[in-house]
Amino acid sequence: MTTPGRNDPCPCRSGKKFKHCCLPARNAALETPAVLAWRRLRRAVDDFAMGKTLLEFVVTTYGRGAPDEAWAEFSGLEEPFDPQTPHLALFMSWLFHRWSPDPHDPSSTVSAALRERIPTQLFLEHGARRLDTVVRRYLEGCLEAPFSFHEALRCDPGRGFNARDLFTGEERDVMERSATQGMEPGDIVFGQLVEAEGVTMLECAGSCFIPPIRKIELIDFRKKLLRGKANCTREALRDWDFELIECYLGITDELLHPRMPTMQNTDGEALEMHRLVFDIDSPEVVVRALADLDFEATAEGLVARAERTSRGEIKRVAWDWKKTGNRMHKSWSNTIQGHLEIKGRKLSAEVNSARRAIELRLLIESRFGDEVRFRADRIQSLEKLMGERAPSGCAADGTDRDAVGLEEGPEVAAAVQQLMAEHYESWVSEKIPALDGRTPLEAVRDAEGREKVLALVIDAERHARRMKPPVDEAVLRRLRERLGLAGLAE
């Protein structure tokens, strides 16, 4: 049954609006002791206006240049603090609860007596007696809480999430409303989790969720910081403030300002679009001589399907340049290395790497004399090609015509499902660079490898759900079952 809106008639048929009848009772039933404690804590912190109060304290006590000095340390940039930064919430909490003026900085404008003194700590010393008890305990919790990366294991949008600290391994239920909107299991949040009054709250968070695929580099980063130690403590995290923040800023810079990735074909070669053009004398001679470039075709078959002129000459015919197997996808039976097409007296060949362009040109020229004459190798950047193709590939409503066709064709959808099932079946036995050259089946045997494989699986599941058509969930369940990951952070 659909929940009525606040102004809808109450489903109890009293004739009153829902908000004036059964809504208060329903909300009261949901008010657990933890929720009530969170409400009291949230109200006290909001009434205290922490951001405004502590910023005024910092400027008054440490000087007007303090935020700029702290920002230089936080960001690593020698420029004034910018209130428009996407990292504002994170920086302000760090400024209040973690920053202290560097005693060895000759350019610091802060009094020597305040060096190595944290603002929140100093604020509590000066005015703790005048503070509400709940606010004082919350500020003390802020001083204790380190900045860290927290993985969402379960999400209840609008209410909270269950989080695991990627460094200490601690799991906590976090009461949070706004930040959970759009959150999915597997997302990673960088920030402070503060415990007070028996409740854990998200004091501050980074400007965006970090996707699960980035967990792999965070695991490697954790290993580097631990230097062979088995466990990480909150105290160690507080000592690693700058390293953690630098890591966070590096990841979010890539997320907020994405750059064109280095793209490769399935042979691992940089993508570079080449169009080779040749003049030819006899289309039929060329077709028969080059038909074997597609090992699945025959010269007779290509000649038979060619378009012809009224005089019976070949007008147009196209075929692929293939090889057996695929270097990247072991389940694929072949690799299409290029496309050839004859139009009248012109032979053109399109390939996606410089090596393939050279190899194909040499191959063609080795089979002919003067009857095939090379004319041009037209190279087009991938960025330009994508820019030119985007408008033509879209319908008037902005949808992709090819994608619509795939969605509507049941036989194509079935073929996609079969292909994805075969891909994941073989993927578990392929050596993956992100797993230090191990296969997923090998990596899940130890705790660190298991974490990495799960991150890869969650990332694959997200992409699979967004495909058109989406990959059958049964395929993904079998993948998890085979890796022993069923039920983990789904």
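Author: In this predicted model, a residue counts as lining a pocket when it has an atom within 4 Å of one of the grid points that make up the pocket. By that rule, α18 supplies 5 residues, the largest share of the lining of the largest pocket.

Reader: What makes the lining of the largest pocket nonpolar, polar or charged by class?

Author: Pro counts as nonpolar and Glu as charged, and the classes come to 13 nonpolar, 6 polar and 6 charged residues in this lining. Among the 25 lining residues, Met 328, Trp 427, Glu 430, Ile 432 and Pro 433 are the closest to the centre of the pocket, which holds about 710 Å³ of space. Both α16 (410-427) and α18 (447-466) supply at least two residues of the lining.

Reader: Why is the set that includes Tyr 62 and Phe 91 called a nonpolar core?

Author: A nonpolar core joins buried residues of kinds such as Tyr, Phe and Leu through side-chain atoms within 4.5 Å, and buried means under 20% relative accessible area; the largest such core has 64 residues, so its members, Tyr 62 and Phe 91 included, meet those conditions. Helix α2 (residues 33-48) gives 7 residues, the largest share of this core. A second, separate core has 26 residues, including Val 286 and Leu 302.

Methods: Residues are numbered from 1 along each chain as its sequence is written. This is a predicted model: local features need pLDDT of at least 70, side-chain atom pairs count only at pLDDT 80 or more; totals for chains, interfaces and linings use all residues. Side-chain values use heavy atoms; hydrogens and water are left out. Buried means under 20% relative accessible area, exposed over 50%, partly exposed in between (1.4 Å probe, protein chains only). Helices (H or I, at least four residues) and strands (E, at least two) are DSSP runs, numbered from the N terminus. On a 1 Å grid over the protein atoms alone, a cavity is a set of points where a 1.4 Å probe fits but cannot get out, and a pocket is an open set with protein on both sides within 12 Å along at least five of seven lines; lining residues have an atom within 4 Å of a point. Grid points are joined across faces, edges and corners, and a volume is the space filled by probe spheres set on the points.
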